[in-house]
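Let's take a walk through this structure together.

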Amino acid sequence: IVLATNVAETSLTVPGIRFVIDAGLARVKRYSFRSKVEQLLVEPISQSAANQRAGRCGRVADGICIRLYDEKDFNDRPRFTEPEILRSSLAGVILRMMSLHLGDVADFPFLEAPRPKAIADGFQLLTELGAVHEDNSLTPIGKTLAKLPLDPRVARMILAARELHSLREVLIIASALSVQDVRDRPLQAQTQADQAHAKFKDDKSEFSGYLRLWDWLEASRGGGGEAARLSNRQHENLLRQNFINIRRWREWRDVHSQLLTVVNEQRWVMNDKPASYEQLHQSMLTGLLGNIGCKQDEEDIYLGARGIKFYRHPGVHLKKKPGKWLVCAELVETTRLFGRGIANIDPVWLEQAGAHLLKKQLLDPHWEAKHGDVVAFERATLHGLVIYSGRKVPFAKADPVLARQ
């Protein structure tokens, strides 16, 4: 019996398969333009996908496909699977098209034209990253991001890391976020796996945890001491003992070397000194401003950008609770909305990273005899979250005439 996901629909032929049992479902990744999060929801598959599944048997001889849904259900389904361009964030596509001067995105003759809402969402993300002006033309940051063959969010983090002297660390973390977690946690050995992985956990940040894990893996490969004398087989046994998936670890290193090549092509210099917690997390924040959260009174519920609420992922790799303010590598909706890859942040950092997005209000302007000045209380919000409130600022800059009165 071969148990397979929908990867087997089109890309896998196993000889000798005579029967296929098709549940008629698949977990599909969709980007929600309303909440700006990726959803992994179980959906009925299309007719073409069902026919592909049936085609897994009968390759060598006749076979039987058993569908766990009725014929009417099959006939009511769409004929083809919805193209990826209609269920993905378009920020990267728009950035590339603008850099190539392909004209207005809305007028481009796509085979399957994306909805206007999807195009607007793409521009919204590019504005958040500081890549486009208000008139939707590319900024200097946008022109640099377009040269990097990466997801715009990741490219923005790397660009900030170059300025904040944390390039080495951000490349390791960005490549970790691009692959599946290398830490294995088999059902029959969860306690042992948790004990083996405990040494990689950080108090406040899963990003810092990735760095610990990377440094341990590099040292185990032959960075000195006893590890330098390990053969390939001994090294693989060491990784298995520590519940590290060897295939995923190689994939992480491959992606890291690709990012390294991109950075070397731009002739960017690596930092000699280790980056501080602040430098590292300010770099990450520039690409993740829509994934910030502030803890509510309720246990483990965070209020996020644009009024969404999310929970810490139950499989979080942290020694302690992350604190009041945090940033997530991603927000994914499964049974509920979870934040994954989380780290504690100082809200003061948001003033710098999100300066172009802050909305400020001046409240209660009044004369202060002690300072001989008219002052007001300033309140700043980022995506609807209050970053600070009640800060005294001179009112004359905003309205000199009213201040004089």
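Start with helix α7, whose buried residues pack against α4 (91–99), α5 (116–128), α6 (140–147), α8 (167–177), α12 (246–265) and α13 (277–287). Two terms there need their cut-offs: buried means under 20% relative accessible area, while exposed means over 50% and partly exposed is in between (1.4 Å probe, protein chains only). Packing is judged by contact, meaning heavy atoms within 4.5 Å. As for the names, helices (H or I, at least four residues) and strands (E, at least two) are DSSP runs, numbered from the N terminus.

Before going on, a word about what you're looking at: this is a predicted model, so local features need pLDDT of at least 70 and side-chain atom pairs count only at pLDDT 80 or more, though totals for chains, interfaces and linings use all residues. Residues are numbered from 1 along each chain as its sequence is written, and side-chain values use heavy atoms, with hydrogens and water left out.

Back to α7. How many of its twelve residues are buried? Ten are, so the helix is largely enclosed by the rest of the structure. The buried ones are Pro152, Arg153, Val154, Ala155, Arg156, Met157, Ile158, Leu159, Ala160 and Ala161. The length works out too: α7 covers residues 152–163, and at 1.5 Å a residue it should span 16 Å, which agrees with the 17 Å between its end C-alpha atoms. (The expected span is 1.5 Å times one less than the number of residues.)

Just after the helix comes His165, which takes a positive phi of about 60 degrees.

Time to zoom out. The chain holds 15 helices and twelve strands, and its C-alpha trace spans about 95 × 60 × 45 Å along the principal axes. Of its 405 residues, 44% are buried. If you take the contacts with a separation of 6 or more, 62% of them are between residues 24 or more positions apart.

What about the surface? The chain exposes about 22800 Å², and carbon and sulfur atoms supply 51% of that; these areas come from the Shrake-Rupley method with a 1.4 Å probe, and for residues only the protein chains shown count as cover. There are 57 positive and 49 negative side chains, and the centres of the two sets lie 3 Å apart. Here Lys and Arg count as positive and Asp and Glu as negative, with His and the chain ends not counted. Each charge is placed at NZ of Lys, CZ of Arg, CG of Asp or CD of Glu.

You'll find Asp202 in the loop between α9 (190–197) and α10 (206–222), and its 13% relative accessibility makes it buried. A polar atom of the Asp202 side chain lies 3.0 Å from the backbone nitrogen of Lys204. The side chains of Asp202 and Arg212 are also joined, by a polar contact of 3.5 Å. (A polar contact is a pair of N or O atoms within 3.5 Å; within protein, one must be able to donate a hydrogen and the other to accept it, and residues adjacent in sequence count only if both atoms are side-chain atoms.) Leaving aside neighbours within four places in sequence, Asp202 is in contact with Ser208, Gly209, Arg212, His317, Leu318 and Lys319.

Next, find Ala329 in strand β8 (residues 325–333). Is Ala329 buried or exposed? It's buried, with a relative accessible area of 18%. Apart from residues up to four places away in sequence, Ala329 touches Leu177, Phe207, Leu288, Asn291, Arg340 and Gly341. Ile342, 13 residues from Ala329 in sequence, is 6.3 Å away in space, C-alpha to C-alpha.

Finish at Glu265 in helix α12. Glu265 is exposed, with a relative accessible area of 58%, and its C-alpha atom is 42 Å from that of Glu43, 222 residues apart along the chain.
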